[in-house]
Every structure is written in C-alpha cells, then in structure tokens.
Amino acid sequence: YEIGKQIKERRKLLNINQLDLCAIVEISQHTLSDIENGKGNPTIEKLLKILHVLGMEIEFKVKVP
C-alpha cells in the first residue's frame, strides 16, 4: 500500500494526471488506480517503469538474522 500512496503523491506533485502516466508506461487507468490504492500487484517491470517516469527509485532492504 505504501508504494502506491507514494506513487500517487509524486504523480500529483509533478502535475501528471493518471491518463498521461498510463499512456507513458502503457498500462490501463484501472491498473494504475489499483496500484495507487494498494489493490494492484504490478510486475516489477511495470513498477520500475512507473517509478522511472516519476523520478523515483525503489530500495530493497534485507534483514540478516
């Protein structure tokens, strides 16, 4: 859910509407809406494409026991 919220906030900050972002990353508006609302489960490729367009990066943290 958190990543979707951050995507939505960044998209709005950059004044990019959903339709424009969808056209750039080649996904449906329904898919983007689901992602932004924590309901979607995008492939890593689609997620990275969205993040790239928005100037964002993803960071993975691994906890070692």
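**Helix packing, core and salt bridges**

The side chains of Glu59 and Lys61 meet in a salt bridge, with 3.9 Å from N to O; a salt bridge here is a side-chain nitrogen of Lys or Arg within 4 Å of a carboxyl oxygen of Asp or Glu. Glu59 counts as exposed at 62% relative accessibility, and Lys61 counts as exposed at 72%. The terms for accessibility are buried for under 20% relative accessible area, exposed for over 50% and partly exposed in between, with a 1.4 Å probe and protein chains only.

The model is predicted, so local features need pLDDT of at least 70 and side-chain atom pairs count only at pLDDT 80 or more, while totals for chains, interfaces and linings use all residues. Residues are numbered from 1 along each chain as its sequence is written, and side-chain values use heavy atoms, with hydrogens and water left out.

Helices are DSSP runs (H or I, at least four residues), numbered from the N terminus. Helix α1 comprises twelve residues, 2-13, and at 1.5 Å a residue should span 16 Å; its end C-alpha atoms are 16 Å apart, in agreement. The expected span is 1.5 Å times one less than the number of residues. Within α1, Gly4, Ile7 and Arg11 are buried. They cover an arc of only 60° around the axis, which puts them on the same side of α1; the arc is that of the directions from the helix axis to the C-beta atoms. An α-helix has 3.6 residues a turn, so residues three or four places apart point the same way. The buried residues of α1 pack against α2 (18-25), α3 (29-36) and α4 (44-53).

Gly4 illustrates this packing. Its relative accessible area is 1%, and Gly4 is therefore buried. Although Gly4 and Ile35 are 31 residues apart in sequence, their C-alpha atoms are 5.3 Å apart in space. Leaving aside residues up to four places away in sequence, Gly4 touches Ile35 and Glu36, where contact means heavy atoms within 4.5 Å.

Glu36 also takes part in a salt bridge with Arg11, in which the closest N and O atoms are 2.6 Å apart. Glu36 lies in helix α3 and Arg11 in helix α1, so the pair ties together parts that are 25 residues apart in sequence. Both Glu36 and Arg11 are buried.

The largest nonpolar core has 13 residues. Such a core is a set of buried Ala, Val, Leu, Ile, Met, Phe, Trp, Tyr and Cys residues joined through side-chain atoms within 4.5 Å. Ile7, Leu21, Ile27, Leu32, Ile50 and Leu54 have the most contacts inside the largest core. Ile50 touches Ile7, Leu21, Val25, Ile27, Leu32 and Ile35, not counting residues up to four places away in sequence.

A further salt bridge joins the side chains of Lys49 and Glu26 (3.4 Å, N to O). This pair links distant parts of the chain, with Lys49 in helix α4 and Glu26 in the loop between α2 and α3, 23 residues apart. Lys49 is partly exposed at 32% relative accessible area, whereas Glu26 is exposed at 57%. The count of salt bridges comes to three.

Glu26 has a positive phi of about 60° although it is not a glycine. Asn15, likewise not a glycine, has a positive phi of about 55°. Asn15 lies in the loop between α1 and α2 and is exposed, with a relative accessible area of 69%.

Technical notes:
Helix = DSSP H or I, 4+ residues; strand = E, 2+ residues; numbered from the N terminus.
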